[in-house]
Amino acid sequence: MAAYDFTAPRLYVTPDLAAGARLPLDRAQANYLLTVLRRKPEDPVLVFNGRDGEWRARLDATGRKSADLVLVERTRAQTPRPDLDYLFAPLKSARLDYLAQKAVEMGAGTLRPVITRFTQGDRLNRERLSANAVEAAEQCGILTIPEIAEPVRLPAALEGLAPERLLVFCDEDAPVSDPVAALRGAASPASSPPLAVLVGPEGGFSAEERETIARRPNTVAVSLGPRILRADTAAVAVMALVQAVLGDAR
Ligand code: SAH
C-alpha cells in the first residue's frame, strides 16, 4: 500500500466534505478523539464520507468534552466501492461481528445476508452489521462504506446476482482440490470479472442447496482444504484466495 499515515485516526462522517468545512463531532466521536486517543488540536484526524474522498482535519476543541473538526485539505480522491459481493449466512452475534469486519477488511463492497436452511443466526441486526462495517472501514483505510443488503433466501440471492458476476461458492463437501487452479479455471485474471463469494452457516449447506447453487452458470465451487472451517474462518480464507487470484491483492 502506498505510504500512508496509519497513525492518524480515521472517522466516517456523513456531512459533505470541502475545505474549511466545520464538522461538529457527536459525543462518542469527541470522547474517542479527546479522551481515548488524547488527541491535541494540532494532531491530524482523517475523515471520509464515502462520497468526497478523504480529508485531513484539524481538531478544534469547543469544550472539555466537545470538539469540531475543521477540514484542511483532501488527502485522497474518492474511489468507487469494491465490486465484490459477499454472500453469507448470518451467524450468532460475536461471530457475525467478526465475519462482517473481516469481509470489509478483505475487500467486500456489498454484504448480502442469505437465509439458508441451517442458518442459526437469530434475527439479523442490520444496525449492528452496519456499525461493524463502518468500524472496519475506518480501521482498514478504505474510502467507501459497504452496502448492506436486506436478508433474502438463497434462491433469491442467487437470482439477484448479475449473470456476468462470477460466484465463488465455498463448498465444505467439495473434494479437496487446488482452489487457486479452480479460480484460475473459472476466469482469466486479466478479465477481472465482477465477483461474488458465498459462505454457508455453521450448519453448512443442505444437499438441495448445493444442487441449487451448482445449477447457476458462472459459479465455481472451491474447497478450502481437508478441514471443516468455521464460517468466519472460511470468510477470511476464501477472500484471501479470491483477492490474490482474481481480485485487488494481485
Ligand atoms: N457442516 C459443517 C460445515 C459448516 S462450515 C459444520 O457444521 O461444521 C460453514 C461454511 O464454511 C460452509 O458452509 C462453507 O461455506 C465454509 N467451509 C468450511 N469449511 C470448508 C472447506 N473445507 N471447504 C470449503 N468451504 C468450507
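Helices (H or I, at least four residues) and strands (E, at least two) are DSSP runs, numbered from the N terminus. The exercises below use these labels on a predicted model.

**Exercise 1. Describe the protein as a whole: its secondary structure, its extent and its burial.**

Solution. 
Step 1. Take the elements: the protein has 7 helices and 12 strands.
Step 2. Take the extent: along the principal axes, the C-alpha atoms fill a box of roughly 60 × 40 × 30 Å.
Step 3. Take the burial: 46% of the 250 residues count as buried.

**Exercise 2. Work out the order of the strands in the open sheet of 5 strands, and find which strands stand at its edges.**

Solution. 
Step 1. Strands of a sheet pair through backbone hydrogen bonds, either parallel or antiparallel.
Step 2. Here the order is E1-E3-E4-E5-E2, and the pairing is mixed.
Step 3. The edges are held by strand E1 (10–12) and strand E2 (22–24); each has a single partner strand, so one side of each lacks a neighbour in the sheet.
Step 4. Direction ignored, neighbouring strands of this sheet are turned by 40° against each other on average.

**Exercise 3. Follow the pairing through the sheet and state the sense of the pairs E1 with E3, E3 with E4, and E2 with E5.**

Solution. 
Step 1. E1 and E3 run parallel and are joined by 3 bridges. In this region Tyr 12 stands opposite Phe 48 in E3.
Step 2. E3 and E4 pair over 5 bridges in the antiparallel sense. Val 47 stands opposite Trp 55 in E4.
Step 3. E3 and E4 also form a hairpin, with 5 residues between them. In its turn, Gly 50 has a positive phi of about 85°.
Step 4. E2 and strand E5 (residues 67–76) run antiparallel, joined by 3 bridges. The bridge partner of Pro 24 in E5 is Asp 68.

**Exercise 4. Decide whether Leu 37 and Arg 165 are buried, partly exposed or exposed, and describe where each lies.**

Solution. 
Step 1. Recall the cut-offs: buried means under 20% relative accessible area, exposed over 50%, and partly exposed in between.
Step 2. Leu 37 is in the loop between helix H1 (27–36) and strand E3 (44–48). Its relative accessibility is 30%, so Leu 37 counts as partly exposed.
Step 3. Leu 37 forms a nonpolar surface patch with Tyr 32 and Val 36; together they have about 240 Å² of accessible area.
Step 4. Arg 165 is in the loop between helix H4 (154–159) and strand E10 (166–170). Its relative accessibility is 12%, so Arg 165 counts as buried.
Step 5. Leaving aside residues up to four places away in sequence, Arg 165 touches several residues, including Asp 83, Asp 85, Pro 194 and Arg 216.

Technical notes:
Residues are numbered from 1 along each chain as its sequence is written. This is a predicted model: local features need pLDDT of at least 70, side-chain atom pairs count only at pLDDT 80 or more; totals for chains, interfaces and linings use all residues. Side-chain values use heavy atoms; hydrogens and water are left out. Patches are made of residues with over 30% relative accessible area and no salt bridge: like charges are joined within 9 Å, nonpolar side chains (Val, Leu, Ile, Met, Phe, Trp, Tyr) within 5 Å. Accessible areas come from the Shrake-Rupley method with a 1.4 Å probe; for residues, only the protein chains shown count as cover. A salt bridge is a side-chain nitrogen of Lys or Arg within 4 Å of a carboxyl oxygen of Asp or Glu. Buried means under 20% relative accessible area, exposed over 50%, partly exposed in between (1.4 Å probe, protein chains only). Two strands pair if DSSP finds at least two bridges between them. Axes are lines fitted to C-alpha atoms, for helices over the stretch in contact, and angles run from 0 to 180 degrees between N-to-C directions. Contact means heavy atoms within 4.5 Å.
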